[in-house]
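Please look through the sequence and the structure shown here before reading on. The notes that follow are grouped by topic, and they are meant to be read with the structure in view.

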Amino acid sequence: MDAQCPYALYLARLSQNSRRSIQAQLEGIADVMGWPLVDLPAKLACVDYAQALSIQNTLLNEGHAPRTINRAMMAVRGVVKAAVITNQVDQQHYLNLQSVPKVKHGQHAGTPLTVHQVRKLFRLLAQNRTPLGLRNYAIFAVMLGSGLRRSEVADLNIGHYDKEKRTLFVAQGKGNKSRTVYLPDWVQVTIEDWIEARTDEPGYLFCTVKRGGHAHTGNPINGELVYSLVKRYFKDLGLPTVTPHDLRRTYITRLLDQGADLNTVRQMAGHSDISTTVIYDKRDDKTMRKAADELNYGDSGLLI
């Protein structure tokens, strides 16, 4: 593919995990629009306002979720923007696409875990003190204690862990963005227990563990393994529908429940837009009732 191809340039700026996902979505557009796959790069580079609306409506009619459609349209705009930067398309072309409205959606369908469910999970994990068990315990602690996505957990290198500052550095997370996450004490304890079994040899923080408990620090786990761990442990707890992203929802909701302000939670979750954080907010009516009960204007009672 031409090095100046807008399609290739756009994909190249994404992280590896995002690149696979976005490329699959763009190829899905080719499928629903009846475009030959070989023509996809050229067709995407010159999508105009009317074509963008057509793509959006076709995806809607095909039954795709609003978030999936909005993400696909963002990718289309990204390809067109690359075409503008390389002087292959007029800038007004891209500006027109900015006027295409997003498909509205409600809250995430997923459900955060209760405190009781989280405690049950860690009691189950604590039963296995082998190196493999310590690794799995630390993986769940990191997900529930820092809100990392499963791909971000899999990509962690031991050098990304700072014991003194109690942080993890997420290199090239979603959207190819990097960030530093701060760890609660109890998460650091689980990481230290795992590192003692793993050794501090350079390599991936969460690596494969072979028979006999030997950690292969050069062999990373992957997102699929994290997914299977979540499904396996929660099935044992009688919660077979829990997904890795529910752990992220739990993290965000718990922070909000404990009084962290929305913008701080946005930064901790790695969201670029606060509206994304809002749709993860799973607090119930009791939170609003408590907020109303605590609202006052001093000790003077009713203001009449």
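In this predicted model, strand E2, which covers residues 167–170, pairs with E1 in the antiparallel sense, and the pairing runs over 2 bridges. Within this part of the structure, Asp162 stands opposite Thr167, a residue of E2.

**The sheet**

- The strands belong to an open sheet of 3 strands, whose order is E1-E2-E3 and whose pairing is antiparallel.
- Strand E1 (161–162) and strand E3 (179–182) are the edge strands, since each of them pairs on one side only.

**Cysteines**

- A disulfide is a covalent bond between the sulfur atoms of two cysteines.
- With sulfur atoms required to lie within 2.5 Å of each other, the count for this model comes to 0 disulfides.
- Cys5 is in no disulfide, and the nearest cysteine sulfur, which belongs to Cys46, is 11 Å away.
- Cys5 has a relative accessibility of 11%, and because buried means under 20%, this residue counts as buried.
- Cys207 also counts as buried, because its relative accessibility is 0%.

- Thr277 is found in helix H14, which covers residues 274–278.
- Is Thr277 buried or exposed? With a relative accessible area of 0%, Thr277 is buried.
- The side chains of Thr277 and His271 are joined by a polar contact of 2.8 Å.
- When residues up to four places away in sequence are not counted, Thr277 touches His271, Arg266, Val265, Leu262 and Ile252.

Definitions and conventions: Residues are numbered from 1 along each chain as its sequence is written. This is a predicted model: local features need pLDDT of at least 70, side-chain atom pairs count only at pLDDT 80 or more; totals for chains, interfaces and linings use all residues. Side-chain values use heavy atoms; hydrogens and water are left out. Two strands pair if DSSP finds at least two bridges between them. Helices (H or I, at least four residues) and strands (E, at least two) are DSSP runs, numbered from the N terminus. Buried means under 20% relative accessible area, exposed over 50%, partly exposed in between (1.4 Å probe, protein chains only). A polar contact is a pair of N or O atoms within 3.5 Å; within protein, one must be able to donate a hydrogen and the other to accept it, and residues adjacent in sequence count only if both atoms are side-chain atoms. Contact means heavy atoms within 4.5 Å.
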